[in-house]
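Please take a moment to look over the sequence and the 3D structure. Then let us walk through them together, one part at a time.

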Amino acid sequence: MATPIIDSAVAAPSTVSPGGSFVVTIIAHDPDARALTLSAVVTDAEGNSSAPVSIPLVISDPITYALSAPTGAGFTITARAGSPNVFDCKAP
Amino acid sequence: MGTTYTLVAAVTDREGHTAQQNINVVVGTLSGISPWFVEDFSTYTTTANLMANPNGWYSTGEDVCGNSAPNGTCPTSDVGTIWLDTGVGLNTGGYSLTQSMRYDQVDGGICSGPSVGRNINFPSSVTEVWVEVWLKWSVGWTAADSRAGGGCDPDYKLLFGRITGAGDRWSLGIEGGGGTADEYFICSYPPTGSSNLNVNFTGSPAGGTLAVAGFTPDSGDGWHRVRGHWKIGTGANDGVDAWWFDNNLCVNRTGINPSATTIYGLALGRNMNSGPKHTPQSYWWGRVATWKTDPGWGA
């Protein structure tokens with residue numbers, strides 16, 4: 001299985017005052033995750049076939065997100081509820 | 001201009017495969033010199049918490065929450081006119097804050113001098129201080145007397161530098177232009193007329209009040225930065241009074257000799273001499289910062 005890929009990881013703003021707040025957003029995907037469409041057809045003994053029926057299929061490989069700051073630097077990092085790829089941060 | 005920290009973003013899939021990417025964040029100040037004291041309202045959880053003064057920075061006995069409430073009677077359960085506004089925060093000039101202190105100025109009651117305000121006591125008294133505040137006004141905000149022809153002094157006392165050793169104060173305010181005219185941001189330079197600050201001017205023009213015209217808080221044009229420098233000096237005509245509204249110079253006096261002893265704090269808002277009747281309006285304090293060493297503003 002493939003390693004996930006980070007498309008972007010951005011701090012906004014990237015320059016803050018001491019104690020200032022900023023937001024980090026991570027956009028990533030996993031190459032193993034894909035959406036497929038299967039087609040089902042049934043055929044009887046006489047060779048009569050049904051119309052094809054499409055069956056969507058999602059192969060997922062969920063990813064988890066994490067953000068860390070240098071140990072002891074004093075940052076506060078809080079994962080935003082409902083948006084696991086967004087972190088509300090506060091500078092030391 | 002600050003310290004660069006590297007944060008690490010990481011993502012992991014179900015099989016434990018991990019990818020990482022570094023993010024650089026610069027923590028500093030606009031001037032590169034850290035403030036001595038900062039109130040950015042980010043530490044408070046509720047209005048009641050704000051008013052309860054958990055950091056001990058405010059002289060709560062002087063809190064004024066409206067014309068009907070005498071000094072020091074802002075109840076934490078019903079402050080009325082002072083709020084922790086979690087929906088309005090400063091986000092400009094490299095700062096990103098999520099909260100502010102909002103003053104609601106209710107029915108103006110023309111000429112009745114309605115007041116809303118709090119007072120910060122510095123960690124210690126100083127003889128020289130640089131101050132930066134960020135402010136935002138509601139659309140239509142005005143200090144002008146709404147009656148035709150006016151009748152009261154259309155001033156709002158915005159910010160004082162509070163002093164010991166004399167009975168006066170340094171004052172910045174907003175003066176109503178009247179009608180549809182712009183407001184004026186005024187930097188009252190103590191003293192005008194009789195004063196106990198014993199200011200000696202060198203240079204010209206002489207006088208106590210200078211102004212930045214074309215001040216348009218009523219336009220709702222977002223945050224404004226007010227910066228200044230007060231120095232009492234040593235009594236040898238080496239005091240300073242210099243203030244800017246955004247990048248517009250309001251007053252710049254050097255060689256002055258105030259008779260004050262120390263500067264001990266700031267008054268964040270006082271009374272509106274005139275004001276519009278029956279027109280609620282608001283403004284917000286986004287950040288208050290002070291420096292004891294020159295942050296490099298040029299005065």
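Chain B has 299 residues, and 45% of them count as buried. Here a residue is buried if 20 or more other C-beta atoms lie within 10 Å of its own, exposed if 12 or fewer do, and partly exposed in between, with C-beta atoms placed from the backbone. This is a predicted model, in which local features need pLDDT of at least 70 and side-chain atom pairs count only at pLDDT 80 or more, while totals for chains, interfaces and linings use all residues. Residues are numbered from 1 along each chain as its sequence is written, and chains are lettered from A and ligands numbered from 1 in the order in which they are written.

What is chain B built from? It contains one helix and 17 strands. Helices (H or I, at least four residues) and strands (E, at least two) are DSSP runs, numbered from the N terminus. Two residues are in contact if their C-beta atoms, placed from the backbone, lie within 7 Å. Among contacts in chain B between residues at least 6 apart in sequence, 68% join residues at least 24 apart.

Several strands pair with it, and two strands pair if DSSP finds at least two bridges between them. Strand β3 of chain B (residues 37–39) runs antiparallel to β17(B), joined to it by three bridges; there, E39(B) has V288(B) as its bridge partner. Strand β6 of chain B (residues 100–105) is also antiparallel to β17(B), with five bridges, and R102(B) is partnered by W284(B). Strand β8 of chain B (residues 128–137) is joined to β17(B) by eight bridges, again in the antiparallel sense, and here W130(B) stands opposite W291(B). As a general point, strands of a sheet pair through backbone hydrogen bonds, either parallel or antiparallel.

A nonpolar core is a set of buried Ala, Val, Leu, Ile, Met, Phe, Trp, Tyr and Cys residues joined through C-beta atoms within 7 Å. The largest one has 53 residues, and those with the most contacts inside it are I82(B), V133(B), L135(B), L159(B), L266(B) and W285(B). Its largest share, seven residues, comes from β8(B). Leaving aside residues up to four places away in sequence, L135(B) touches W223(B), H224(B), V226(B), Y283(B), W284(B), W285(B) and G286(B). Another core lies apart from the largest one; it has 20 residues, among them F22(A), Y65(A), F87(A) and C89(A).

Two loop residues of chain B deserve a look at their backbone angles. Most residues other than glycine have a negative phi. F41(B), in the loop between β3 and α1 (47–51) of chain B, has a positive phi near 65°. Is F41(B) buried or exposed? With 22 C-beta neighbours inside 10 Å, F41(B) counts as buried. N53(B), in the loop between α1 and β4 (64–65) of chain B, has a positive phi of about 60° and is not a glycine either. N53(B) is partly exposed, because 15 other C-beta atoms lie within 10 Å.

Let us turn to chain A. It has zero helices and eight strands, and buried residues make up 22% of its 92 residues. Among its contacts between residues at least 6 apart in sequence, 42% join residues at least 24 apart. Four of the strands form an open sheet in the order β1-β3-β8-β7 (chain A), with antiparallel pairing. β1 (5–12) and β7 (76–80) of chain A stand at the edges with a single partner strand each, so one side of each has no neighbour in the sheet. Inside this sheet, seven bridges join β1(A) to β3(A), residues 21–29, and A12(A) stands opposite V23(A).

Finally, where do the two chains meet? 31 residues of chain B are in contact with 34 residues of chain A. On the chain B side, the elements giving two or more residues are β1 (3–13) and β2 (18–27), with the largest share, nine residues, coming from β1(B). Strand β6 of chain A (residues 63–68) pairs with β1(B) in the antiparallel sense over six bridges, and T64(A) stands opposite T12(B).
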